Structure formats: C-alpha cells, structure tokens
Amino acid sequence: MDSPSTPLIALEAQPRLRLAPVPTPLQRAERLGDALGVELWIKRDDIGSLALAGNKVRKLEFALGAALAQGADCVVTCGAAQSNHMRATAAAAAQLGLRAVLVIRGEQSDEPPTGNLLLDHLLGAELRWAGSEDWGKLNQLVEQVADELRAEGHRPYAVPAGCSSPTGTLGFVAAYAELCAQLAEAGVAATQICHASTSGGTHAGLLLGHALSGDGPTPLGFDVGRLYPDPPAHVAGIASDAARLLGSELTLSAADIALDGSELGGGYGDVTPAATAAIRLAARSEGILFDPVYSGKGLAGLVAHAGKTDGPLVFWHTGGAQALFARGFADPLL
Ligand SMILES: *Cc1c(COP(=O)(O)O)cnc(C)c1O
C-alpha cells in the first residue's frame, strides 16, 4: 500500500508552469441550488483571462511544463473546430513563445471563423484540417505532424485530444486537492463532484486525486462526447498511467469509473433540449454562462441528478462559454 501522501509529494516535484489563477473560486450557487433542491457549489474554472480560461489550462500546466523541460520549441495537438483545448494551447504557446500547430477535426468550411476557431487564428496558431472525424485518427495525425516537424529539425511536443495524456491529467490530481482544501475551509462536506467529460483527463485526474487522498467527494462525470469506443476503459488507462508518473502502483479499472451517458444526446456537439434548459436556468438564476457542447450538457446531468441525492454537491465548471459566440451553437438558446 502506498502511504497516501507519497504520490502527492511526487506531484509537487513534477515540472509545472503557472498558467491558471489558482485556486479558482468555489462559489455557493444559492438560487440555482434552490431551484434544484440541493446545496450547490460551483468550482469556477471558467474564470481567467479571456483566452485561457477553462479546464484545459490545468492540464497544460503539467503537459507544457514537461514540454519545456524536454526543450520543445513547438506544440502539436488536435480537436474540433470549437475546441477549448486547442484555443487554450494556442494561447499558452503564445505566452511561452512556442509555435502551435493545430490539427482540426473534419473539413475546412467556407464560413468565416467564429468562437474558439476565431481565437485560434487571432492567437497565431497554424491550422491544419484533418479531413477526418475519427478521434483515434486525429491523435495519430498529431504524432504524424510531430514526426514531420522533427524531420525538419524542430523539437515538437505532441499533446493528444483534450490534453488527456497521463501528464496533463496530473493537473486534475492537483485540482482535486485544491478543491478539498477549499471545502474544508468553508466547512462543507460535499458528497459528489459533477462535471462534463469527453477526452477523460478531468475525470481521470479527479478520480485519482480522490483515490490518493482516500477521502472527500466522489467524482461523477457526464459523458457529453463519447470520443472513444470504450470511455470507461480509456479513463481507467489514463488514471493508472498518471498514477505511475507519481510512483504509485494504484490501478483503476473500468468498474471504478463513474461516467453517466444519459446527457450524450446525438453525441459530441449535439445541443440537447436538456442542455439548453440548463444553460438558461443557470444564466437566469446565477448570471453564469455555460456552453452547449460541454459544461451545459454536464449541467443538464446535474439537474437530472440533484433530486436523487442530499448533497451538498459541487459542479465543476470546466469553462467553454467561448462557444456561445460560435455560429450555430447558440441558435437553439434564443
Ligand atoms: C474539454 C472540456 C471538457 C471535458 O474535459 P475532458 O478532460 O476532456 O474530459 C469539459 N468542459 C469543457 C468546457 C471542455 O472544454
């Protein structure tokens, strides 16, 4: 058995950049909680500078920390056109003086860029359209582009979709400890953390953080994208590999993963009526903005789940409101 603190000491020794204003606020959402009949707290990872806010920043602190430690001069990653992860990577690369190459899912459209894609252009990233919708293939293309850059004499660092590498996942192991300290200070005995999940690093990191601390609220992820054929196995693999980076033998299996698929709708990017209703409710009861691809669908999960538990609950706001300004996504909200 590991002593619980040893891997957390190893976490402190990992290369890490400081990109996010942490701790992010933990805010009581009284009016929204009352509407749902539960004591509700929101962890505000959506707060930060315009370009950088959102859950990917926590993962990039470790992933790009490793990149710089290895002497990388460029970063290659992938995502959908409205990827928050690609935009955060482009912004972090700009701040660090790294070249950013983004492999974008699907085909280039003739429409002018909006939302996150507009920001990718503004941030000076190089965009390459993949011509494929398959996430496994996108991750392969990232490796391929990195190989090409290496052959040209560059020193690329490849980051998979959503920065859900074992290294990136460490950002959410640290985040779990950050939340627990805030809950302790506020005297709140939260039972669960609800959040949106796609590429899995957020869920994997929170689960590992919970397993290593042996205490605290349990993570409940709402799968809003089903990026990979077997999300629980995917998440378990990332969490176990992240544990190894911390010198822990802890192995998570698919049975340890708490992913609820009820908010998936028609899959990644499909804006569901439940998400639309949840986004409106949060906007009108708290003045907080959620997005239709990720956090709003996660919030719809919380709305459905709240009546089944006594709480207190934490909703981890993973960001994404930039997509409200993307053509098409906001229309169902009006
Ligand atoms: C990427 C993202 C998520 C999902 O996080 P994963 O770690 O990829 O599962 C949730 N919300 C927002 C806003 C995101 O951009």
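A pocket is an open set of grid points with protein on both sides within 12 Å along at least five of seven lines. The views below show a predicted model.

**View 1. The largest pocket.** This pocket has a volume of about 530 Å³. Its lining counts 23 residues, and the closest to the pocket centre are Ala 81, Gln 82, Ser 109, Leu 117 and Trp 129. Which elements supply at least two residues each to this lining? They include helix H5 (115-122) and strand S5 (126-129). Sorted by class, the lining of the largest pocket holds 11 nonpolar, seven polar and five charged residues.

**View 2. Trp 129, a residue of the largest pocket's lining.** Trp 129 is among the residues closest to the centre of the largest pocket. Trp 129 sits in strand S5. Is Trp 129 buried or partly exposed? Its relative accessible area is 26%. Buried means under 20% and exposed means over 50%, so Trp 129 is partly exposed. In sequence, Trp 129 and Ile 104 are 25 residues apart. In space, their C-alpha atoms are 4.7 Å apart. Setting aside neighbours within four places in sequence, Trp 129 is in contact with Ala 81, Ile 104, Arg 105, Gly 106, Glu 107, Gln 108 and Leu 117. Ala 81 and Leu 117 are also among the residues closest to the centre of the largest pocket.

**View 3. The second largest pocket.** The volume here is about 190 Å³. Arg 44, Asp 46, Ser 49, Leu 50, Ala 53, Ile 288, Leu 289, Gly 319, Gly 320, Ala 321, Gln 322 and Phe 325 form the lining. By class, the lining of the second largest pocket has six nonpolar, four polar and two charged residues.

**View 4. Asn 84 and its surroundings.** Asn 84 lies in helix H4, which covers residues 84-96. Its relative accessibility is 8%, so Asn 84 counts as buried. Which side chain makes a polar contact with the side chain of Asn 84? It is that of Arg 87, at 2.9 Å. Leaving aside neighbours within four places in sequence, Asn 84 is in contact with Lys 56, Asn 116, Tyr 294, Gly 320 and Gln 322. Of these contacts, Gly 320 and Gln 322 also line the second largest pocket. Lys 56 and Tyr 294 are among the residues nearest the centre of the largest cavity.

**View 5. The largest cavity.** The structure holds three cavities of 30 Å³ or more. Two or more lining residues come from each of helix H3 (56-69), strand S7 (192-197) and helix H8 (201-213). Which element gives the most to this lining? H8 does, with three residues. The lining of the largest cavity divides into two nonpolar, 11 polar and three charged residues.

**View 6. The second largest cavity.** This cavity has a volume of about 80 Å³. It is lined by 14 residues, with Ser 83, Trp 135, Ala 161, Gly 162 and Tyr 294 nearest its centre. By class, the lining of the second largest cavity has seven nonpolar, six polar and one charged residues.

View 7. How many disulfides does the structure hold? The count is zero. Cys 163 is in no disulfide, and the nearest cysteine sulfur, that of Cys 78, is 11 Å away. Cys 194 is in no disulfide either; here the nearest cysteine sulfur belongs to Cys 180, 15 Å away. A disulfide needs two cysteine sulfur atoms within 2.5 Å. Cys 163 has a relative accessible area of 0%, so Cys 163 is buried. Cys 194 is buried too, at 0% relative accessibility.

**View 8. Glu 39 in its loop.** Glu 39 lies in the loop between helix H2 (30-36) and strand S2 (40-44). At 28% relative accessibility, Glu 39 counts as partly exposed. The side chain of Glu 39 makes a polar contact with the side chain of Trp 41, at 2.8 Å. Not counting residues up to four places away in sequence, Glu 39 touches Arg 28, Val 188, Pro 312 and Leu 313. Glu 39 and Val 188 are 149 residues apart along the chain, and their C-alpha atoms are separated by 9.7 Å.

Conventions
Residues numbered from 1 in each chain as written. Predicted model: local features only at pLDDT ≥ 70, side-chain atom pairs only at ≥ 80, totals over all residues. Heavy atoms only, no water. Helix = DSSP H or I, 4+ residues; strand = E, 2+ residues; numbered from the N terminus. Buried < 20%, exposed > 50% of the residue type's maximum accessible area, 1.4 Å probe, protein only. Polar contact = N/O pair within 3.5 Å; in protein donor to acceptor, adjacent residues only side chain to side chain. Contact = heavy atoms within 4.5 Å. 1 Å grid on protein atoms, 1.4 Å probe; cavity = no way out; pocket = protein on both sides within 12 Å on 5 of 7 lines; lining within 4 Å. Points joined across faces, edges and corners; volume = space filled by probe spheres on them. Nonpolar A, V, L, I, M, F, W, Y, C, P; charged D, E, K, R; others polar.
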